[in-house]
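Please open the model in a viewer and keep the selection tool at hand.

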Amino acid sequence: MSISPSITTAIPSSQYSNYQAKVARSRATSEPFLIRWLLIATVLGFLSLFLIVPLAAVFTEALRKGFAVYLAAITEPDALSSIKLTFIAALIAVPLNLVFGIAAAWAIAKFDFRGKSILITLIDLPFAVSPVIAGLIYVLIFGLQGWFGSTLLDNDIKVIFAIPGIVLASVFVTFPFVARELIPLMQAQGKDEEEAGLVLGATGWQILWRITLPNVKWGLLYGVILTNARAMGEFGAVSVVSGHIRGLTNTLPLHVEILYNEYNYAAAFAVASLLALLALLTLVLKSFVEWKAARDARLNELA
Amino acid sequence: MKKSVKTNNILPGFNLSLGYTLLYLSLIVLIPLSAAFIKTTELSLHEFWAVVSAPRVVASYKLTFGASLIGALINAVFGLITAWVLVRYTFPGKKIIDALVDLPFALPTAVAGIALTAVYASNGWIGSFLESYGIKVAFTPLGIIVALTFIGLPFVVRTVQPVLQDLEAETEEAAASLGANRWQTFVKIILPAIWPALLTGFALAFARAIGEYGSVIFIAGNVPMVSEITPLIIITKLEQYEYASATAIAVVMLVISFLLLFAINGLQWWVSRRATISR
C-alpha cells in the first residue's frame, strides 16, 4: 500500500510456496531453459550496474589509500562529532515517530470515523514532499526571516542552523514509516482480542502493552528499522537547515559532502563506507524481521 | 438486533489517540507545509508567474520530469523482469539479490550519489568503458537518469512481486491447455493481472524521483539550463536569501507532488476494489 516497503507484502503465505513449486515443475507454466537464464542474466546485469558495482566502489575507494588513512578519516574530531549528531537526531526522531505511529494506527485501525481515508493520505504527505522542500518549510517558520524568527532571536534560541532544526527535518522525512507499517497490520488483526481483554477487566494501557503491541511487534520493529535508516541517512532536508558548520551541525551524510567537495575523496568514501555498512546492517535486520514474521504467521496458521 | 455492529465505543483511547495523531500531524506536517503557501502570497500573481516561468526554471522542470519519467520507465521494465525472476525462478544467491533490491531505501542518498559518480565518471569502472564508445554519463543529464533509476529501483519490484506471487496457477494451466504459448499467456493472462501493480510501482518511482536531491547533485554537473534539477534551484535561491521565489518554485513542485500522491492513492483504491469484486 505505502510508498515504503511493507512487511505485510513481504510475508509469503504457505499456500503459495506449494504453488511456486508446481509452476516451476510444470512445463506448461514455465519458460524454456534458455529464456529463464536469459532473464536471470538480465536481472543480474541490471542490478550489478545500478546496485552491486556502486556499493563495491564505496569500499574500494574508501580503502584506496590504505587502512591507516581510512582509520584517520573516521576517527578525526569532525567525523566523530558528525557521528554523534547523527545518532542524536535518530535517537529523538525514532521514538517520536514511533509513539505517533502507534497512536495513529490505534485510532485508524480500531475505530471508524469520518475522514479516515483523508487522514491516511495526509499521513503519507511527507513521502510526496521533496526533502529540499521539507527543509525549506522549517526555514520559513524558524529561520531569521521566518514566523518565529525574531521571537527565537530575542530568547537566544537557535533552531535553524542548529541541532533542533536537524531533528525536526529528520522527524519530517521519517514521519509516516511506523504508522504506514502498523495501520494495515492492525487493521488485518481486527479488535476481537482487545475486546476480550476489556471484558476480562484490562485497562486501555494494559490492552495496548499486553495484547496489541505483542501482536504487531515485527511490524513495529520493521518500521523502526526503516525510520532509523532514513533518519541517519537523510541528506536534502538536513542540508537545508544545518548550515554546514563543521564539528557542530554536520551529520554523517553532510560530512561526506564537505569532504567530497574538498576533493578529499579517500576520506569522503571512508565516512560514506560507515553509512554503507549501516545500510547493509539495515538490510540484514530487515530480512531477519521478515523471516521471523513469516515464521510467526505460519505458526499461527498451524495453531 | 441492535445496531452495535460498529462497536465504536467499547475500546478506550479513541479521543486520546486521534487527538494526538491530529496534533502531531498538524505541528510537524500541516502547519509547516501551509507556511510555504502563505509565504508565496508575499508575491503578486505577476511576480509569482515571472519566478516560476523563468527560462532557467522551466528548463529545470523539463529536466527533472523528463529524467524522472525515463528513470521510472527503465524501472518499470527491469523491475518487472526482476520481480518475475525472483518469484518464478531459483538460482544461487537469490535470497541475497532479493534483499539487495531494497538497498536504495537503506543507502543514504549522498552515499549513492558519490558512489554512482565514482563508477560512472570517465575514469570509473563503468564510465571508462562507456567513454571508449563516446558515451559520457557522469556530469551530463544521462547521469541524472542513472541516479534516478537507482533511487526508484525497489518500487516496481516490491509492488509487482506480491501480486505475481498471488496469481493462481490454474488460470495459466487453463491457458496452456487451450493452446496458448507462454508469450500469449503472459500478454493475455498475466500482464492484465499485474498491470495495476506495475502502474502503481511506476508512479511511486516517478514521484520519488521528482523530489530527489542528494544522489543527483553529485553526478549531475549542475550546469544551468542543461543539468540543473528543480530542487537544486530551490537550494540556490535559498542560499541567495531569495526566500519568496524559492518558495514559489517549491509550491509548484508541492502541487504536482500532491496531485501524484492523490493519483497513486486513487490507483490503489481502484486496485483493491477490483480485487474484492473479482473475489
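Which residues does Leu136(A) touch, not counting residues up to four places away in sequence? Select Leu136(A): it touches Val240(A), Ala36(B), Ile234(B), Leu238(B), Ala246(B), Thr247(B) and Ala250(B). Two residues are in contact here if their C-beta atoms, placed from the backbone, lie within 7 Å.

This is a predicted model, in which local features need pLDDT of at least 70, side-chain atom pairs count only at pLDDT 80 or more, and totals for chains, interfaces and linings use all residues. Residues are numbered from 1 along each chain as its sequence is written, while chains are lettered from A and ligands numbered from 1 in the order in which they are written.

**The core**

Next, select Ile133(A), Leu136(A), Val271(A), Ala272(A), Val111(B) and Ile114(B), which touch the most other members of the largest nonpolar core, a set of 172 residues. A nonpolar core is a set of buried Ala, Val, Leu, Ile, Met, Phe, Trp, Tyr and Cys residues joined through C-beta atoms within 7 Å. A residue is buried if 20 or more other C-beta atoms lie within 10 Å of its own, exposed if 12 or fewer, and partly exposed in between. Helix H5 (residues 77–110) of chain A gives the most to this core, with 15 residues; helices are DSSP runs (H or I, at least four residues) and strands likewise (E, at least two), numbered from the N terminus.

**The interface**

Now select the contact between the chains, to which chain A brings 84 residues and chain B 82 residues. On the side of chain A that touches chain B, helix H3 (residues 33–63) of chain A gives the most, with 16 residues. By class, that side has 61 nonpolar, eleven polar and twelve charged residues. Ala, Val, Leu, Ile, Met, Phe, Trp, Tyr, Cys and Pro count as nonpolar, Asp, Glu, Lys and Arg as charged, and the others, Gly among them, as polar.

**A helix pair in chain A**

Select residues 252–261 (H15) and 265–302 (H16) of chain A, two helices that pack at an angle of about 160 degrees with their axes 8 Å apart. H15(A) is therefore roughly antiparallel to H16(A), a term for angles over 145 degrees. Among the residues making the contact are Leu252(A) and Tyr260(A) of H15(A), and Val271(A) and Ala272(A) of H16(A). The contact has twelve nonpolar, one polar and no charged residues.

**Chain B**

Finally, select chain B, which has 13 helices and zero strands. Of its 279 residues, 46% count as buried.

Conventions: Axes are lines fitted to C-alpha atoms, for helices over the stretch in contact, and angles run from 0 to 180 degrees between N-to-C directions. Angles under 35 degrees count as roughly parallel, over 145 as roughly antiparallel, 65 to 115 as roughly perpendicular and the rest as oblique.
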